[in-house]
Amino acid sequence: MKKRDRENLFGSAALGTLARRWREGTLGEVLEDWRWILGYTKRYRRAVACYAVLGVASASLGLVSAVAGKYAIDVITGRQVSRVGAMAALMVGAALVSLALRSLVSRASARINLCVNNDIQAAVFDSVLNADYLELNRFSSGDLLNRLNGDVGTVAANAVSYLPNLIVGLYTFCATFLVILHYDAVMALIALGSAPFLLLASRYLMKRMRRHNQEVREITSGLMTFEAETFYNLDTFKSFGLAERRGRDLRTKQEEYRDASLRYNLFTIQTDAALSLLGLAVQFTAFGYCLYLLWSGRIAFGTMTLFLSQSGKLSTTFNSLAGAVPTFLSSSVAAHRIRELTQLRREPRVCPDSRPEEEAPGGFEVCLRQVSFRYGGQTPVMAEADFLARPGEIVSLVGPSGEGKTTMIRLMLGLVRPEEGRAFLRTAGGGETELNAGTRHLFSYVPQGNTILSGTIAENLRLVKEGATDGEIEAALRLACAWEFVSGMPGGIHAAVGERGRGLSEGQAQRLAIARAVLRDAPILLLDEATSALDEATERRVLRNLAESRPRRTCIVTTHRPSVLNLCRRVYRVTDGRVEELTPEESGRPAMEL
């Protein structure tokens, strides 16, 4: 017996959960989750109705085929040769049509499920991409991926099929029971003989099954995390000579997984044995009762065959209906987790009325005035901070790690908003726009770390400008001092690179990221330790090229390198929640000269 079938057998334990939710007043949440699920199937309601009708028709034809089989056997045993052909044709025809209908339903269901899955997944994806930064930070990336794929898959699989399957199941159960009842009431009761035992044992068995399943899932998650971290930091483990130790640690975790899986397997074997004995008891009872009826002359061979086949079908349908309750609940839980993402507060988006070159041909000033900010209820990251970067300037942020430089960049990008004060852009004409998601297109950003994706170099650069020509890409690479190594690669800009720039040095990856920002050609450039892996001469060439390629560009950098500070018009130190402008003497730089 498959694991899924066992869970369906004990699904009636979930009735207690429904009752508890009713008492706790949370059943309304479950129903609200299902209203949300069904909202995605409205556009497919005709297909869903057709799904149910075809399912009922298929079940009906299955019963017709079974009854026809009964009469065919009776005709044969009664030697009524003239009726054999008609009965055989009816039985075979009904079976073939039922098979065709089931195949049609399966095909239509798969198509609709995929459409619903894509609809929900796209909606969740868009919600995550446009969610408020601080709200989204409550979720880990692994949790987001699990909800986007696992939970969406659970909901999509049941969104279309749940109601039709429930309708078809109820119809099949009632119709089968009535067919058996029509011939013999006692046989109908025997066919339901396993139901009371399953209902009584379900709570205990479901609890045990859930505990074992949870244990295996937790160990599996730990094992997958261990493997992913090992491969992600493979260079580190190799450099420290830890390959053998990681191998031993893996085997230890594998043993934990093996022991937990074997405990689950033993419980499964014991449960299967108990269920098999119960099923055999009902089957033998039904068989014995049929033999008695046959021996006493109250039924014919065909009726006995019908009883035995349909009693098994009745038991299977009952188990399927019992399993509908945990399916109902699990879909509700998955939907609730998805809704948490779709209901995230969207980040504010106030766009300037025109494109940057039309709105401010003279460039933009980036201004922070008396800005105070903290994350949640934590200690303030900055208090009453002032900052200014004008067009044509390179302005630097310096200070210890964790003191607020990255937060200032997030304020400029509109990812977070000041608790007090203002963060805004100002044009040469005096127009001001508060920094938000709608002003983000005015920035080119090069973050810390390796941000190169798997694909070709051209694909990486075209992320920020989809229609960029090969010539534009080459020009951006030249400005970033990257053309000298890209041109020597097989395929040039069409050369493939691996995940996180595998195959490139850190300096090469940084120059590609800078080239990508150059290709965007925005009036404001943010460089967050973006030249830390470059030698001093290359770094100076890159910054000089950036300044000369667009004289009215506003350039803001975070750095610790004196070679960068020497090129900056102003330097701001960020420390202990304060932002202060340093004099040339305090920053240790001479008068700025590019």
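Predicted model: local features only at pLDDT ≥ 70, side-chain atom pairs only at ≥ 80, totals over all residues.
Arginine 390 is partly exposed, with a relative accessible area of 36%. Glutamate 393, by contrast, is buried, at a relative accessible area of 10%.

Glutamate 393 also meets the side chain of arginine 570 in a salt bridge, with an N to O distance of 2.6 Å. Glutamate 393 lies in the loop between β2 and β3 (394-398), and arginine 570 belongs to strand β11 (residues 570-575), so this pair ties together parts that are 177 residues apart in sequence. Arginine 570 counts as buried, at 10% relative accessibility; the cut-off for this class is under 20% relative accessible area.

Another salt bridge joins arginine 374 to glutamate 419, with the closest N and O atoms 3.6 Å apart. Arginine 374 is in the loop between β1 and β2, whereas glutamate 419 is in the loop between α15 and β4, so the pair connects parts that are 45 residues apart in sequence. Arginine 374 is partly exposed at 30% relative accessibility, and glutamate 419 is likewise partly exposed, with a relative accessible area of 46%.

## The four-stranded sheet

An open sheet is formed by 4 strands in the order β2-β1-β4-β5, with antiparallel pairing. Strands β2 and β5 (432-434) are the edge strands, each pairing on one side only. On average, neighbouring strands of this sheet are turned by 20 degrees against each other, direction ignored.

Strand β1 (residues 364-373) is mostly covered, with 8 of its 10 residues buried. β1 pairs with strand β4 (residues 420-427) in the antiparallel sense over 7 bridges, and with strand β2 (residues 382-389), also antiparallel, over 5 bridges. Cysteine 367 has phenylalanine 424 as its bridge partner in β4 and stands opposite leucine 388 in β2. Valine 371 has alanine 385 as its bridge partner in β2. Helix α15 (residues 405-412) lies across β1 and β2 and runs at about 120 degrees to β1.

Helix α8 (residues 162-183) has 22 residues and reaches 32 Å from its first C-alpha to its last, close to the 32 Å expected at 1.5 Å a residue. Its buried residues include Tyr162, Phe173, Val179 and Ile180. Valine 67, placed in helix α4 (residues 45-77), is in contact with Val179, Tyr183 and Leu306, leaving aside its neighbours within four places in sequence. Valine 67 and glutamine 310 are 243 residues apart in sequence and 9.8 Å apart in space, C-alpha to C-alpha.

Arginine 339 is located in helix α13 (residues 301-342) and is buried, with a relative accessible area of 13%. Its side chain makes a polar contact of 2.5 Å with the side chain of aspartate 33. Not counting residues up to four places away in sequence, arginine 339 touches Glu32, Asp33 and Trp36.

Notes. Residues numbered from 1 in each chain as written. Heavy atoms only, no water. Buried < 20%, exposed > 50% of the residue type's maximum accessible area, 1.4 Å probe, protein only. Helix = DSSP H or I, 4+ residues; strand = E, 2+ residues; numbered from the N terminus. Pairing = 2+ DSSP bridges. Polar contact = N/O pair within 3.5 Å; in protein donor to acceptor, adjacent residues only side chain to side chain. Contact = heavy atoms within 4.5 Å. Axes fitted to C-alpha atoms, helices over the stretch in contact; angles between N-to-C directions. Expected span 1.5 Å × (residues − 1). Salt bridge = Lys/Arg side-chain N within 4 Å of Asp/Glu carboxyl O.
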